Amino acid sequence: MYLYVLAVFLIPAPMKEEFLHYLWKYSLYDSNALLDNTGSHIRVISPGEYNRDSGPDFFNARISIGGTEWAGNVEIHIKSSHFCSHGHDKDHAFDNVILHVVAENDRRVFNASGDELLTVEMKFDLVYFEKYLALVNNPAVIACQEDVGRLDNFFIRNWLNALLVERLAKKSDAILKIFSETGNDWDETFYRVLVRYFGFRVNTEPFEMLASALPFKIIRKHADNRFQIEALLFGTAGLLDEGLFREALADDYYRDLIKEYKILSAKYSLRPIHGWLWKFSRLRPVNFPTVRISQLSSLISEAGGLFSRILESCDTRLLKKMFEVSASQYWEDHYVFGKKSLSIPKNTGKQATEIFLINAVIPLIFVYGRYKDNREIWEKAITLLEEIHPEDNTVISDWKHSGIEAESAFYTQALLELTGEYCRKKRCLECRLGCRLISLGKSLKKGSELMLEP
């Protein structure tokens, strides 16, 4: 047996439904003021399961009226009339709504079966709404920067742990898409993911295009010949176009690359991408795509069966060593074709190596472990992140100033996820830290440590 009930929040405008969802989910209201139209008290046994898809906002809620227990769903709107304007009064999927939570009861409403929803008024402390507005209207990226550092560290770490898994899961979806596109080839998938991060943001897109235009199965056939791999990479990258580096035509190395690529491209029917896609401006010379491509050729030629070796390795130091490679001899005194520079070895460096591990290697290990249903493998990915130094960027620095310091890449990755997916999008009501701070309301006091979750 089900009862159809309408609940009202006496709250100020403007108001968003998501805030009402928050209040209902965490029972932040005066439970003694929940009365039906006969004056009977409504006791909420369970608010239900929050639903972010179509249908009622909360599934499987349970309430009790006069000692009788009712079960069903909860729907929430700003005004009761929105039940009709949203078309729910014609949708039988909403017939099992036992509680309709609104900010204003502006009209009687009926479900698709013709049953009128009973009205109930609910009250709560306006300080919650004030705190919510203070967060979402704060122009700072980290809206809670003044208070978040006083939350209990254990509570914060639990949320960061969940965010790290959320970030890896999101990367998993992208990697599995590539895995499907490559015909379920793990080596090809790893090659594409790895090559992407040789672009260091500025050249991410052309590196992705290069990996697609030059399959790893072709490179694998020339794994013992670094020069041929360089010819394949530079040629398919469009950087052997004679119109781009006219001064380089006097270089034997450049001319030999062109000759080699003509042979290989004809053999494999390769079509180069446009050379003008590559960006050199505003980059440090050591990050020029020419240098990075040569380093990539070194990594591919020297590390046969790289993905297999990564899966077998349990030592972060050994993994780092695999990615510590140098550009070929020509690049020791060049940054671009045809122009000499001071002679400096072009190594990948510590920062680049850790970028490859954090963004390519570890996500691949995590995905592979999940795909194979091998807990030991995907937990290895988590462990590796805990053993890598924290990333150093403005986002992590801002969190440090807010009182949250990351000890490893595990936590910097979680903080990047928090910043990009929650803070910048003002999703404070979906963030455990934001929810906690809003629920505390006026109880925030300087020097205090705040622990419990709402």
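1. In strand β6 (residues 97–104), V97 is the bridge partner of N73, and the pairing of β6 with β5 is parallel and extends over six bridges. Strands are DSSP runs of E with at least two residues, and helices are runs of H or I with at least four, numbered from the N terminus; two strands pair if DSSP finds at least two bridges between them.

2. The model is a predicted one, in which local features need pLDDT of at least 70 and side-chain atom pairs count only at pLDDT 80 or more, while totals for chains, interfaces and linings use all residues. Residues are numbered from 1 along each chain as its sequence is written, and side-chain values use heavy atoms, with hydrogens and water left out.

3. Strand β5 (residues 68–79) is also joined to β4 (residues 58–65), here in the antiparallel sense and by six bridges, with A61 standing opposite G72. Two residues lie between the strands of this hairpin, where G66 takes a positive phi near 60°.

4. Helices α15 (residues 394–401) and α16 (residues 409–423) have axes, which are lines fitted to C-alpha atoms over the stretch in contact with angles from 0 to 180 degrees between N-to-C directions, that come within 10 Å and cross at roughly 90°. The two helices are therefore roughly perpendicular, a term that covers 65 to 115 degrees.

5. The contact between these helices (heavy atoms within 4.5 Å) brings V395, I396 and W399 of α15 to residues of α16, among them T412, L415 and C423.

Methods
Angles under 35 degrees count as roughly parallel, over 145 as roughly antiparallel, 65 to 115 as roughly perpendicular and the rest as oblique.
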